[in-house]
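Colleague: I am new to this one. Can we go through how to read its features, starting at the surface?

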Amino acid sequence: RRGIVWARSDAQGGLTVFSSECTHLGCTVNWRSESQSFECPCHSATFDADGQPRTGPPTRPLVRLEHKVEDGNLHVLFPA
């Protein structure tokens, strides 16, 4: 299955992969570097860099996805 994800690395070299679907209505969130947040264009909700809801109707964080890196390629497991 293919989809859009957001991947973020930390200072220790760890990687966090988020689903790009807003947990409110399923719209695709976008990263806004100026505010260091994910924004949902459907209702202007925002999530912080850790995927936690900041503003708007969502009460659940962005879904973190299982993943692995093999031979320099990111493989993401999408839930069924």
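Colleague: Which residues make the nonpolar surface patch?

Modeller: A patch gathers residues with over 30% relative accessible area and no salt bridge; nonpolar side chains (Val, Leu, Ile, Met, Phe, Trp, Tyr) are joined within 5 Å, like charges within 9 Å. A salt bridge is a side-chain nitrogen of Lys or Arg within 4 Å of a carboxyl oxygen of Asp or Glu. Areas come from the Shrake-Rupley method with a 1.4 Å probe, and for residues only the protein chains shown count as cover. Here L15, V69 and L74 make a nonpolar patch of about 230 Å². Bear in mind that the model is predicted: local features need pLDDT of at least 70, side-chain atom pairs count only at pLDDT 80 or more, and totals for chains, interfaces and linings use all residues. Residues are numbered from 1 along each chain as its sequence is written, and side-chain values use heavy atoms, without hydrogens and water.

Colleague: Where is L15 found?

Modeller: Strands (E, at least two residues) and helices (H or I, at least four) are DSSP runs, numbered from the N terminus. L15 belongs to strand β2, residues 15-19.

Colleague: How do I read burial, and why is β2 largely enclosed?

Modeller: Buried means under 20% relative accessible area, exposed over 50%, and partly exposed in between (1.4 Å probe, protein chains only). L15 is partly exposed, at 31%. But four of the five β2 residues are buried, so the rest of the structure largely encloses the strand.

Colleague: Which strand is joined to β2?

Modeller: Two strands pair if DSSP finds at least two bridges between them. β1 (residues 5-9) runs antiparallel to β2, with five bridges. W6 has F18 as its bridge partner in β2. The hairpin has five residues between its strands, and G13 takes a positive phi near 90°. A11 also lies in that loop. A11 is exposed, at 81% relative accessibility.

Colleague: How many aromatic pairs are there?

Modeller: Rings of Phe, Tyr and Trp (its six-membered ring) pair if their centres lie within 6.5 Å; planes under 30 degrees apart are stacked, over 60 edge-to-face, the rest tilted. The whole structure has three such pairs. In one of them, F18 and F38 have ring centres 5.6 Å apart and planes at 65°, so the pair is edge-to-face. F18 sits in β2 and F38 in β4 (residues 37-39), so the contact ties together parts 20 residues apart in sequence.

Colleague: Are F18 and F38 buried or exposed?

Modeller: F18 is buried, at 0% relative accessible area. F38 is buried too, at 3%. F38 also forms an edge-to-face pair with W31, 4.8 Å centre to centre and 65° between planes. W31 is partly exposed, at 27%. Ring pairs link W6, F18, W31 and F38 into a cluster.

Colleague: What is the strand order in the open sheet of four strands?

Modeller: The order is β3-β4-β5-β6, with antiparallel pairing. β3 (30-32) and β6 (53-55) are the edge strands, each pairing on one side only. The twist averages 40° from one strand to the next. Such angles run from 0 to 180 degrees between N-to-C directions, with axes fitted to C-alpha atoms (for helices, over the stretch in contact).

Colleague: Which residue stands opposite F38 in β5?

Modeller: That is F47. Three bridges join β4 to β5 (residues 46-48), and these two strands run antiparallel.
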